Amino acid sequence: MDEDEVLVVTRPRAVQQLSDAEEEEEEEETEEDDVDEEEEDEESETGERGLHPKGGPVAIRRPAGDPTIIPWAREIGVDPQKMHVMQTSLFRMPEEEKALKALNQPQPRKRLLLTSNLSRKHSRDSEGEGMRADSRQRASFAHDIEPEPYRPSRKYARVDSSASAFAGRENAYVDAGLAFGRSFRVGWGPGGTLVHLGDLCSPTGSPKSTANASTIKLSTIPLVAGATTDASAQASRLLAHHLSNTVIEEDADGIPFANPSSTLTFASFVTQFPSTDHSFEPALFRLGHALFDPIDFRLDDIPDVQMRERVAAIRRKAELSKWLRTAVSSAMDADLRDQLDTKWDCTVFTLLSGYQIERACDAAAEGGNVKLASLVAQCPGDVDFRADLQEQLEIWRHERIDAHISEDTRKVYALLAGVADTLQGSNGSGVEQCGDVDLASGLDWKRAFGLQLWYGLPMDAPVAEVFQAYDALWKEKLASVAPPVPWYAERVDLADSIWKLPSQPQNSDALYSLIKLFADPACNLSAVLSPFSFSPAPADYRLPWHLYVLLSRCLRIRDLADRDTSVCRGDTEEGRDNEEDPVEGHSPSADLLANSYASQLEQLGMIQEAVFVLLHIEGSAGRARVIKELLTRSASKLDDWVMRGLVGSLKVPVSWISEAKAVHALDGGELYEAYQLYIAAGLYNSAHDIAVLELAPDAVIRQDLLLLRELFDVFDGHPVNGWNERGKVFLDYAHALTRLPQLRERLVQGGGALDADETAELEQLSRSVPKLISMLPDVLPDRTNVRHTAAVAEMTNQLVRHLDQVRPLAIAQAQVRTPFFSDATRVRSIHSTMRERFLRTVEVA
C-alpha cells in the first residue's frame, strides 16, 4: 500500500461508487489549509477502524479522481457483488496481501497526530514544542502557565548487542576502538582510572595529538589533594573514630548496614585533634560543635519557654564568638608581625579585629592614649555607650575635625561606636579633605564577619541577623569586604597544585557554609557540601561525607534536598530520640556521596574503610551490589588480615568475599580454584558452568571418572539451571562407564545370565546410553574449542564401545545419529551388530 493511501475495511454490500456529494466533500477536504489537518487525521483514524465518521456504510476511500475507484469486475461485465463473494471465499484479497507484505517490511516513521485541543500556531517544531502531547494553552493573557520541567532530548539510544556495529568484531585487534567499543567507552574505572582514546583536554582546549583508534589509554586521576600518605592518615583517623561509634547490623533484607550512633557528634571528632592544631579541618569540627552539638545550658529552672530560647540563642552566639576568636588569631598575629614598625592605633585596630580586648587596651595605654584605653576596656558596651560615641563621631565629621585624626584611630572609634561597615568622612576640601573609611578593608572574610558579630550589632542580636549583615556587604561586590573564599584560595603555597583552579572561586568556604546552615533554616545540605568548599580537589568527598552523616543521620539538623519526604522525618524531640529507623526516606545524593568517598579510599588502597563507607548506602540492593563490585575489583588485596576485618568488624558475608575471589581466580585462569570458591559462596550455577565447560572436558579426556563424580556430586540437593541437560549427563556417563564393565563381567561369570535386578539395570542402561550419546553435542556445543570436541568424541566412543560389549544391537536399534563416531568405532559397532544378528539367527534356526 502506498504511503499516501488510506485503506478502510469494507463491507460486501458497500462496494459501490461514492456519491457526488461525498466526492465533493473529499475534494473540499483535500483543498483545506494545514490548520485543518487534525480533522483529516481524525477521519483517517476513524476509517482505519472500519467505521464511517457519520455512521453510514463503510467503503474503500481513495483520493478523488483515482480511476481505480471503479471495480475491475464491472469493466469485464461481471456482477461485482458475486465477484467479491467468490474472491472472499476462494482467494486472498489484494488488500490483505498488501497488508501482509507491509507487516514484513520496515514501517516508515509515522507523523505524530496532534489532538484537537493543541494549538500549532505559535509552536516551534525545531524545539519540539508543537509535538508535545502535554502542551497547554493559556485562557487569556491574565492567566500564567507554570513552566514545564526541562526534559533534554536524547540524541542517542542504546541498541542491542546484535544490532551494534561492534557485533562480531571483538577480535579485531587492529582497530582496538572498534573491538572494544562497547566495553571500553570513555568513562571512569576503578580507583580513579579513566579509559579513553587520545589525550585528555578541557572542553575549551584542544588535544595535543589526534586520537589513535588502535590505542586505548588508561589515565589515573588523583581523587585527593596533597600526598596520598597524608590523605590516608587523615581518612583513617576519622573513619576509625566513626566506626567506634557505629552499630553494624543486618537490615530487613539480611544485608549489613551501618547505623551511626547518636554519640557521634562534632565534639567527639574534635577530640581526635590536638588542642594546638588550628588548621582548617579541626576548625571545621569545632565550629560544628559550637553551632549544632547539643549543649546543656542548664536552663531548666527558667519556666518561660521564650526566655529559655532567647538565653540559649545568646549562649550559642557566645560559643560562635569563642570559636571565631580562636579561628582568626593566626591571621591577626600574622598582621601584627607585619606591623612591627607601625603606630599604636594600627596595632589597636588589628587587635580589635581579632576581638583581643585586653591586649588592645594595653596597646592603647602603652601608646599614651589612656582615655581611648578606658573606652576600649568597655567594649562592646551598651546602647548608651555606643550612642555617645556615634554622636562624638558625628560632631567630628560635621566640624571636619576627622580630617586631623589618623585613619586607624577613626577605625577604632568607629568599632567602639558600633560602625562595622563604612565610616563616613567630612569630605571637605584642601587640608580638611577626609574620605570614607571601610573598616573591613584588608581583612579576611572571617574577621570581616567578626566585625559584624562583635561590634556591628547588639549583643542579643541573633546569629541570623549577623550573617545577613555580612552576607549583604560582600554580595554588594564591595572591594573592601572579602568574600567567603575557601581556605586554600588564601594560601600562596597552593599555586603549584595539580588542579587548575579558577581565578575567582565559585564556591564559598565550608566554614561560611556551616554558619549559613545555622542561620538560614531554608538552607539544605545539598547547597553546602561541594568538594571545592573543603579542598582544591574536585573529587575529594571525605569531609562532605562526614558532615552529612553528622548533620543528617546523627544530629538530625538538616538533610539533602532530594530526600524523599513522603514519610515524615522526626523533627520533634521524640523523633530525634527514636533510633529504630534512622533514615525514613531515600536520598540518591546520599548514596552518591558515599560512593564517591569510597572511590577515594579504594584509590588509596583502603579497602576495609571503603567497604565501611559503602555500608551507609541506604538501599539494600544497591548497598550489596556496590560492596560486591568493590570486593571484586580488589580481590587481589583480600588477604587474611583484610578478610578478618571485613567479616569480623564490618559483618560482610564470607560468601561475598568468596565470590570476589572466584571472579579474580577465573580471570587469572585458576579454574579449579574459581570452582571451589563459587561452591563456597553458594553460587552453584556459576560453579556448574565452570565444571561443565572447563573442568569436565579435561577429566573426560584423562578418563578420570572419580574426578567427574567429585565435580558434580556437590550439586546434589541444590537447584542448578540446566542440571538434567548438562551436569547430570557427566554423572550418568561416569555411572554408565562404571556399571557396564561390571555387568559384562557378571555376564561372563554367570554364563550369560544375570539376576532380575541386574537384568533390569542393563535394560535401563541400554535405553539411556543412546539418549546420552545424542545429548553430548549439546552439552559441549563449542566446536571451536578443541577440548570440547575431543571430550565429546571420547565420551561417545567409550559409551558405544562398552554398550556394544553387552548389548550390540542397542545403538543400531536406537538409530543414533552423531558426527562424533570415529571410523574404528563405526567398524566395531557394525561388526558387533552383525555378529549379534548372526548368533540370533543361528539360535532361531
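## Helices H17 and H18

Helix H17 (residues 445–456) packs against helix H18 (residues 463–475) at an angle of about 130 degrees, with the axes 9 Å apart. That angle makes H17 oblique to H18, since angles under 35 degrees count as roughly parallel, over 145 as roughly antiparallel, 65 to 115 as roughly perpendicular and the rest as oblique. The axes are lines fitted to C-alpha atoms, for helices over the stretch in contact, and the angles run from 0 to 180 degrees between N-to-C directions. Helices here are DSSP runs of H or I with at least four residues, strands are runs of E with at least two, and both are numbered from the N terminus.

Who touches whom? From H17 come Trp445, Ala448, Phe449, Gln452 and Leu453, and from H18 come Val466, Phe467, Ala469, Tyr470 and Leu473, where contact means heavy atoms within 4.5 Å. By class, that's nine nonpolar residues, one polar and no charged (Ala, Val, Leu, Ile, Met, Phe, Trp, Tyr, Cys and Pro count as nonpolar, Asp, Glu, Lys and Arg as charged, and the others, Gly among them, as polar).

## About the model

This is a predicted model, where local features need pLDDT of at least 70 and side-chain atom pairs count only at pLDDT 80 or more, while totals for chains, interfaces and linings use all residues. Residues are numbered from 1 along each chain as its sequence is written, and side-chain values use heavy atoms, with hydrogens and water left out.

Searching the whole structure turns up 24 aromatic pairs (rings of Phe, Tyr and Trp, the last by its six-membered ring, pair if their centres lie within 6.5 Å; planes under 30 degrees apart count as stacked, over 60 as edge-to-face and the rest as tilted). One of them is stacked: the rings of Phe269 and Phe285 have centres 5.0 Å apart and planes at 15 degrees. Phe269 sits in helix H8 (residues 266–270) and Phe285 in helix H9 (residues 280–291), so the pair ties together parts 16 residues apart in sequence.

H9 also packs with helix H20 (residues 542–554), at about 15 degrees and with axes 12 Å apart, which makes H9 roughly parallel to H20. Phe285 turns up again here: together with Phe280, Glu281 and Leu284 of H9, Phe285 meets Arg542, Leu543, Leu547 and Leu550 of H20. This contact has six nonpolar, no polar and two charged residues.

Strand S4 (residues 246–250) pairs with strand S5 (residues 256–260) in the antiparallel sense over five bridges; strands pair if DSSP finds at least two bridges between them. Glu250 has Pro256 of S5 as its bridge partner. Five residues lie between the strands of this hairpin, and Gly254 takes a positive phi near 80 degrees.
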